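Colleague: I'm new to this one, so could we walk through it together? Please keep the answers plain.
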Amino acid sequence: MEGVSATARWTAAARAVESRRPDALFTDDLAEALAGPEGFARWERYDNPGTTEFLAIRTRWLDEVIARSAHTQVVLVAAGLDTRSARLAWPAGTVLYELDQADLMEGKEKRLAELDVRHRCDRRGIGTDLTGPWDAPLRAAGWTPSVPTLWIVEGLLFYLAEDAARALLARLAALSAPGSVLAGDLLSHQSMISEFTRDGLARLRADGCPWLWGSDRPEDVLAACGWTPGEVRLPGEEGASFGRWPWPPLARDTKGLPMNYLFTAAV
Ligand SMILES: C[S@@+](CC[C@H](N)C(=O)[O-])C[C@H]1O[C@@H](n2cnc3c(N)ncnc32)[C@H](O)[C@@H]1O
């Protein structure tokens, strides 16, 4: 895996690390095998203070959003090496679509088959470019526009150019039947300019997977793209700490410190 695809191995490694803790916020038994040695090397290379903690919180927070949702049509937008299809209990009849780059999806299918993974829902993997006409292959795989969708956009938006990320969010809104929900994370602009992320950002750039943008106004980004913001949380805030965030939550107007927003939104 190269470039941005390889970041999926990093986040898989972070889930494997969390899973080993006695107080793990979730258990991803497949993460270690999917991350491989390259994933753990990237996890060490990109680990800034708070990054691994944030990734654990993000996974758990989105697990809880999914658990609260009654949607039976779910799309992981940029699924990477996510294993929720096997890890979570899904409502009967759930169809889970996983979108990601074709090379990543191809390798993932092969590895999941080697590991003899049993999915707990009807999982359908789709290789596509999320900056292109990705909804055609999604429809071809059976996704139904009239059924409300739970869209999960986890660890993706800052790897896309801002225009492409906004276009994707707007397309998701346009495709969404009433009752659809979007949940994910958005990097802050402060994370892009903080002295504490400078080295990490340089390493990501050197590896061909730069973080490209962030916003300190996540609600405005969502609203401009056709979404009504729901919960917006910083790690450490109520419901987004799980005892894992080592610091008090930052005030929203804090300058110069990295922040990542977790959000839900509705159409
Ligand atoms: C950091 S990983 C996150 C993966 C997964 N959601 C997780 O949390 O582990 C970023 C993912 O975005 C995918 N990605 C980035 N740009 C993409 C694009 N233009 N089309 C499809 N997938 C893309 C990468 O292949 C990678 O799997």
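Colleague: Is Cys121 buried or exposed?
Modeller: In this predicted model, Cys121 is buried, because its relative accessible area is 15% and the cut-off for buried is under 20%.
Colleague: And Cys209, buried or exposed?
Modeller: Cys209 also counts as buried, at 1% relative accessibility.
Colleague: How many disulfides does the structure hold?
Modeller: The structure holds zero disulfides.
Colleague: Switching to the ligand, which residues come nearest?
Modeller: There are 22 residues around the ligand, and those that come nearest are Thr11, Arg15, Ala78, Asp100 and Glu154. Helix 1, residues 7-19, gives the most to this shell, with four residues.
Colleague: What do Arg15 and Ala78 do there?
Modeller: Arg15 has a polar side-chain atom 2.8 Å from an oxygen atom of the ligand, whereas Ala78 places a backbone N or O atom 2.8 Å from a ligand nitrogen atom. A polar side-chain atom of Gln101 lies 3.0 Å from an oxygen atom of the ligand.
Colleague: How much of the ligand's accessible area does the protein cover?
Modeller: The protein covers 96% of the 590 Å² that the ligand has on its own.
Colleague: What kinds of residues make up that shell?
Modeller: The shell divides into nine nonpolar, eight polar and five charged residues.
Colleague: New topic: what is the phi of Asp116?
Modeller: Asp116 has a positive phi of about 55°, although it is not a glycine, and most residues other than glycine have a negative phi. Asp116 sits in the loop between helix 5 (102-114) and strand 3 (122-127), and it is partly exposed, with a relative accessible area of 48%.

Technical notes
Residues are numbered from 1 along each chain as its sequence is written. This is a predicted model: local features need pLDDT of at least 70, side-chain atom pairs count only at pLDDT 80 or more; totals for chains, interfaces and linings use all residues. Side-chain values use heavy atoms; hydrogens and water are left out. Helices (H or I, at least four residues) and strands (E, at least two) are DSSP runs, numbered from the N terminus. Buried means under 20% relative accessible area, exposed over 50%, partly exposed in between (1.4 Å probe, protein chains only). A disulfide is a pair of cysteine sulfur atoms within 2.5 Å. A residue is near a molecule or strand if one of its heavy atoms lies within 4 Å of it. A polar contact is a pair of N or O atoms within 3.5 Å; within protein, one must be able to donate a hydrogen and the other to accept it, and residues adjacent in sequence count only if both atoms are side-chain atoms. Accessible areas come from the Shrake-Rupley method with a 1.4 Å probe; for residues, only the protein chains shown count as cover. Ala, Val, Leu, Ile, Met, Phe, Trp, Tyr, Cys and Pro count as nonpolar, Asp, Glu, Lys and Arg as charged, and the others, Gly among them, as polar.
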